[in-house]
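Please keep the structure in view while reading.

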Amino acid sequence: MGLLSRKATCNTHGQDSSYFLGWQEYEKNPYNEVNNPNGIIQMGLAENQLCLDLLEPWLMKNPDALGLKRDGISIFKELALFQDYNGFPAFKRALVDFMGEIRGNKVSFDPNHVVLTAGATSANETLMFCLADQGDAFLLPTPYYPGFDRDLRWRTGVEIVPIHCTSSNGFKVTLPAIEQAYRQAQKRKLRVKGVLITNPSNPLGTTMARDELDLLINFIEDRQIHLISDEIYSGTVFTSPSFVSVMEVLKDRNLDQTQVWERVHIVYSLSKDLGLPGFRVGAIYSNDPVVVSAATKMSSFGLVSSQTQYLLSAMLLDKKFTKEYMSENHKRLQKQQKDLVSGLEKAGIRCLDSNAGLFCWVDMRHLLKSNTFEAEMELWQKIVYHVKINISPGSSCHCIEPGWFRVCFANMSESTLKLAIQRLKSFVSSIGMKSQSHQELKSLRRKARNNWVFRHSLQSFYDREQDTTTKVSFSYRPHFMSLSNIAATLDAAA
Amino acid sequence: MLSSKASSNCHGQDSLYFLGWQVYEKNPFHEVENPTGIIQMGLAENQLSFDLVESWLRKNPDVMGLKNKDGESVFRDLALFQDYHGMPAFKNELVEYMAKIGGNNVKFDPNNLVLAAGATSANETLIFCLADPGDAILLPTPSYAGFDRDLKWRTGVEIVPIHCSSSNGFRISMFALEEAYERAQKLDFKVKGVLITNPSNPLGTTMTTDELQSLITFAIDKDIHLISDEVFSGTVFDSPSFISIMEAAMDSNLKRNTDVLSRIHIVYSLSKDLGLPGFRVGMIYSNNQTVMSAATKMSSFGLVSSQTQYLLSYMLANKKFTSNYMKRNQKRLKKRKEMLVSGLKKSGINCLKSNAGLFCWVDMRHLLCSNTFEAETDLWKKILCEVGLNISPGSSFHCSQPGWFRVCFANMNQSTLQVALRRIKDFVERSSFNYQQIMASLSRKLISNWVRKLSSADREEQER
């Protein structure tokens, strides 16, 4: 049937990326402490499963919230009929209060500027539809969440032009990088409509500093374009520096009530900090009434179930509960992150210093056979299929330096995390030993050949000097072996 | 600064359909608190059978409490469940429910079902899968006002109407279908499919097997798709019984064309018969695997809350409940519709004969001062502002004939409907009295003019 749309038959949905392929492999052989202890451990899923046990007692103490009752009286009919795209007023009020709390109450939000959507996935796409036309572009700092290739581009026809960030400065956004991206867009004859940042960053796990936010605000002011700040991880900031929202910076610079104020939009969701991705609760926050109006109408395509709005409005209105929850949530995230970081360190693997998120940005460059994405893919395959851990390679996040991986830590128990670290440790040692014996063999051969005396280092790979100055040049999508080929080869070999 | 979509009004919400709602919102009728307010008859919702659902909920508190049959909490699993393939148990129940609605004449496969946040989302997603910007979909008129937004706005796809008229009860004739296709081609649109609503909104009628098979043959002939929006299929309260497009496609002659099933797609939702629009449960059913694959990924933009999937999977699993619900709901819809039809008849207003839906397609052509859409809008305004009823004018459904209105009956209680009928009666009597007065006064004027002419002619003659 050659008469489907281009969207249905192309792969702009981006789901042929290794990010999703890894998930598929995990699904075939998922680790289970009891039933499948040799299975693949899922470390490619940024979910917060650490605090669901805190939500359950609240639900038991508040049966009306689930039972769709108000003061003991059923309001089922009211909720069953409630499909107003303006959203449940009580829920929007509770949500903006919660968002304010996360930002230390340094900013307050107006519920009339909120548009509810079925998850941040829907919110991001809707914002694209509102701010850009087909063929326009948004600039995005790399590395970025692989899902953006689908969410921002697929049905909207909008292009993403990367702002390349590197490890030389901890992947921070710099003015030269933004300007270079803007010029790149112009070369491709794309009209740039805005910049989209994720703050805290996925996959870096870092919050943006004030100077970075200042830089971005100055840039969008100058070019008269939009800034979308995807702040879905704002509730996962577990240690200093504390979270600074772009709204706070605008306020501090007295830019509220100016034109640029109307060009900054926030995306939020309850999927990451509250750990409720199944309930599909996302939100757009904008100070531009035209955007709010259009986005509200568009939210018809992805409204939040009224049953869920009611439950969560009750939960978020319990300020005592949310305060305690967030505090405990941060503690547990911090501990789990520390366990991962220190465990990896013992295996000679370092992570980017992070203070937020449900993952670490891990430096495995020293484990690559060569400073290439082919080598990164090879390493990734080994880790997924032989070490049996699904982690996400930097290339799937459009990182321009090979060797970085996103490793999630909040979607598993302490013991599973320990096991994962153990497996990685063994893997790294085995590479170390292989490399060592390889070196010895080379040395013996050289000795035999040349009778030369040479010194070989028994230092670990990590201690080798990092080559951070190498510029990897490649086209926007790095070329590497087709992923389905990889999977097929390995399946055949298995 | 913003996109063309955000700054245009292709969202279609400037139509009278939505404007009427806005006026209603400012002055909504309430039996006690605002008895002179506007009665909402422009909202196709089913509020007649909540008591049946609530009774089931009372007997099954654990399901609402997100507990399983053993009383254990499944909250954690649900909180994390965001698989765009949907909850298997829920999809299994949905396909059985859909089959039941069609008298179990077709069996549906849960693997061919994609969940979406309401039929609104399902329709848009299907269009994204089947058509590119600038392509066209043929749509019989009158059709649901929301399609202008759902099918066109963000997809960039065009709608070309198939004009149906009262001359044959607004049924789709092959002539009208071919005419629409040719018109689309003249406008340089590539036609990708036909979308029908069966049962029809706003007509409230179901299609016959012959009609459906003619449409399927047309789709095969032109090598295009056929989307059947069957959201009202559970509201068929009278004969003829409902026949799904899938059932019509099972005919042996059509099946000879092996890819016929891959061009037929169904949209369904629990918003109309179960009366649960707030829970956002819609779905696409298709045998076309490419469509399924793409639509499944697109459903990421509008997944159904797992909390809701869980609740409804249990409800639909209770076959005794669903059988009882369907039977009693249909009885109540029939009774309420008959009340509206007979009440309107007493005011000299006829309705199109209907056997489904939550509304009647009402003929008010005789109340227009002229056979124009301006007159229809004038009448609509009067009925909204003076009579206090929000009904939807045919023009907002792109009807090609002025004077038809969609009047909903299932979103109010009996006494409210009686108030509405009384108001209409009063209005019609006033209008007819005024009309008679005007006519009488006009006749008197005409007669006196004629008499004057005659007498002056006589005088002239006499003077000559």
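Predicted model: local features only at pLDDT ≥ 70, side-chain atom pairs only at ≥ 80, totals over all residues.

On the side of chain B that touches chain A, several helices each supply at least two residues, among them helix H1 (4-7), helix H3 (50-59) and helix H14 (306-317) of chain B. H7(B) gives the most to this side, with seven residues. By class, the side of chain B that touches chain A has 32 nonpolar, 23 polar and 15 charged residues.

## Extent of the contact

Chain B and chain A each bring 70 residues to the contact. Between them, the two chains bury about 6300 Å², and 61% of this is on carbon and sulfur atoms. Which residues of chain B lose the most area to chain A? They are B:Phe75, B:Arg154 and B:Phe301, which together make up 13% of what the chain B side buries.

## Salt bridges

Side chains of opposite charge can pair when their charged atoms come close. Between chain B and chain A the count is three salt bridges. The side chains of B:Glu124 and A:Arg155 meet in a salt bridge, at 4.0 Å from N to O.

Over all chains, the count comes to 43 salt bridges. A:Lys335 forms one with A:Glu414, and their closest N and O atoms are 3.3 Å apart. A:Lys335 lies in helix H14 (residues 319-346) of chain A and A:Glu414 in helix H16 (residues 414-450) of chain A, so this pair ties together parts that are 79 residues apart in sequence.

## The sheet of chain A

Chain A has an open sheet of seven strands with mixed pairing, in the order S4-S10-S9-S8-S7-S5-S6. Why does one side of strand S4 (114-117) and of strand S6 (159-163) of chain A lack a neighbour in the sheet? Both strands stand at the edges and each has a single partner strand, so one side of each is left without a neighbour. From one strand to the next, the twist averages 25°.

Strand S9 (residues 264-269) and strand S10 (residues 282-286) of chain A run antiparallel and are joined by five bridges. A:Tyr268 stands opposite A:Ala283 in S10(A). Helix H9 (residues 175-187) of chain A packs on the sheet, where it touches strand S5 (136-141), S6 and strand S7 (191-198) of chain A. The direction of this helix makes about 145° with that of S6(A).

Notes: Residues numbered from 1 in each chain as written. Chains lettered and ligands numbered in written order. Heavy atoms only, no water. Contact = heavy atoms within 4.5 Å. Buried area = accessible area lost by both parts, 1.4 Å probe. Helix = DSSP H or I, 4+ residues; strand = E, 2+ residues; numbered from the N terminus. Nonpolar A, V, L, I, M, F, W, Y, C, P; charged D, E, K, R; others polar. Pairing = 2+ DSSP bridges. Axes fitted to C-alpha atoms, helices over the stretch in contact; angles between N-to-C directions.
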